[in-house]
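Here's a quick briefing for anyone opening this structure for the first time. Take a look at the picture, then walk through the points below.

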Amino acid sequence: MDACCGIGGDFLALARAGCTVAAVDTDPLTVAVARANAEALGLGDRVTVSVGDAAEVRPEEYDVLFADPARRTGRGRTFDPMAYSPPWPVVLDLISRASRACVKVAPGIPYEFIPAGAEAEWVSYKGEVKEAALWTGQEGAGRRATLLPGGHTLTATGAEAPVGPAGRYVYEPDGAAIRAHLVGEVSEIVNGRLLDPMIAYITGDDPIDTPWAARYEIEDILPFSGKKLRAALRERQVGNVTIKKRGSAVDIERLRADLRLNGEKSATIILTRILDKPSVIICDTSPPA
Ligand SMILES: C[S@@+](CC[C@H](N)C(=O)[O-])C[C@H]1O[C@@H](n2cnc3c(N)ncnc32)[C@H](O)[C@@H]1O
């Protein structure tokens, strides 16, 4: 049962995977489009779409409940599950009555909204966090991160990252792992430690290749100062910088303009806090490709 099916993007994938799907949506035009999509793709015999309210759905009658509630209101995208449509209490009620359920939610869903016993999965596509899903009625409850298109998946083991001094590399974990609170697990993979206990930059001594983190080679770490940074980059003939930040309030575009760089080389700079000190890490200075 797809309890708020929209134009069918998800149920078409379910039907293609061999499921028989019943679907409802409150909006008659959307339902018409969903039906037309199913017919056009030759999946009409696997899918029944009707106009209906998710609140009226009886999840007990289906093997699996799926819901992708609307996360937009008249004022744009909403991050508050209470403003979803169908509303969150309806979604929770459906989940509680379903033998198995999968509900798509915004990646920024506050942890307190995750029902007890559900597995929460954050998904990124090509390095950008796109979505989260809550799964119930299956083995494994906890947190998971999944990377698409590769399909790598990482589950919480409770690993805690130590904190320690900068090594040769800095690793930036994929956003899905950060959202799923799996920085400790990623740190274990790269044999690393955190530069600061509150910030998700990992440092390590070995060049570990992993889909779970981008790796940068550290050249220098300076206390943050626009002037000193400009001097350090000029000295290295860096004209082109990729600026990353985490735990820093610096306005990246303003800093870029203030740096007034010109030079042949490129570099990545990371603005962060290291043990509470605003810092900048200069990495990967290289000639232009
Ligand atoms: C995010 S869209 C679903 C998109 C869909 N999964 C797809 O792949 O195309 C959410 C849908 O929920 C529908 N909706 C909102 N409130 C509803 C309710 N109470 N009952 C059923 N459908 C509802 C909206 O009309 C909208 O089409």
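How many positive and how many negative side chains does the chain have, and how far apart do the centres of the two sets lie? There are 33 positive and 39 negative ones, and the two centres lie 8 Å apart. Keep in mind that this is a predicted model.

**The chain as a whole**

- You're looking at 289 residues, and 45% of them count as buried.
- Going by secondary structure, the chain has 7 helices and 17 strands.
- Its C-alpha atoms fill a box of roughly 65 × 35 × 30 Å along the principal axes.
- Take the contacts with a separation of 6 or more: residues 24 or more positions apart account for 65% of them.
- The accessible surface comes to about 14,900 Å², and carbon and sulfur atoms make up 50% of that.

- As a general point, strands of a sheet pair through backbone hydrogen bonds, either parallel or antiparallel.
- Strand 6 (residues 101-105) and strand 8 (residues 128-136) run antiparallel, joined by 5 bridges. Along that pairing, valine 105 sits opposite alanine 132 of strand 8.
- Strand 7 (residues 119-125) and strand 9 (residues 142-148) go the parallel way, with 7 bridges. Serine 124 has leucine 147 in strand 9 as its bridge partner.
- Strand 9 also pairs with strand 10, this time antiparallel and over 4 bridges. Leucine 147 turns up again here, with histidine 152 as its bridge partner in strand 10.

**The turn between strands 9 and 10**

- Strand 9 and strand 10 form a hairpin with 3 residues between the strands, and glycine 151 takes a positive phi near 85° there.
- Proline 149 belongs to the loop between these two strands. The peptide bond joining leucine 148 to proline 149 is cis, with omega about 5°.

**A covered strand and its partners**

- Is strand 13 (residues 199-204) mostly covered or mostly open? It's mostly covered, with 6 of its 6 residues buried.
- That goes for both faces: Ile199, Tyr201 and Thr203 are buried on one side, and Ala200, Ile202 and Gly204 on the other.
- Strand 11 (residues 169-173) runs antiparallel to strand 13, with 3 bridges joining them.
- Strand 12 (residues 193-196) is antiparallel to strand 13 as well, again through 3 bridges. Strand 12 and strand 13 make a hairpin with 2 residues between them.

**Phenylalanine 224**

- You'll find phenylalanine 224 in the loop between strand 14 (213-223) and helix 6 (226-235).
- Why does phenylalanine 224 count as partly exposed? Because its relative accessible area is 28%, which falls between the 20% limit for buried and the 50% limit for exposed.
- Leaving out residues up to four places away in sequence, phenylalanine 224 touches Leu229, Val250, Leu255, Leu271, Pro278, Ser279 and Val280.
- The C-alpha atoms of phenylalanine 224 and lysine 277 are 8.1 Å apart, although 53 residues separate the two along the chain.

**Backbone details to look for**

- Serine 85 and proline 86 are joined by a cis peptide bond, with omega near 0°. Proline 86 is in the loop between strand 5 (76-77) and helix 3.
- Histidine 181 isn't a glycine, yet it has a positive phi of about 55°. This histidine 181 sits in the loop between helix 4 (175-179) and helix 5 (183-189), and counts as partly exposed at 48% relative accessibility.
- Arginine 260 isn't a glycine either, and has a positive phi of about 40°. The loop between helix 7 (252-259) and strand 16 (265-274) holds arginine 260, which is exposed with a relative accessible area of 52%.

Conventions: Residues are numbered from 1 along each chain as its sequence is written. This is a predicted model: local features need pLDDT of at least 70, side-chain atom pairs count only at pLDDT 80 or more; totals for chains, interfaces and linings use all residues. Side-chain values use heavy atoms; hydrogens and water are left out. Buried means under 20% relative accessible area, exposed over 50%, partly exposed in between (1.4 Å probe, protein chains only). Contact means heavy atoms within 4.5 Å. Accessible areas come from the Shrake-Rupley method with a 1.4 Å probe; for residues, only the protein chains shown count as cover. Lys and Arg count as positive and Asp and Glu as negative; His and the chain ends are not counted. The place of a charge is taken as NZ of Lys, CZ of Arg, CG of Asp or CD of Glu. Two strands pair if DSSP finds at least two bridges between them.
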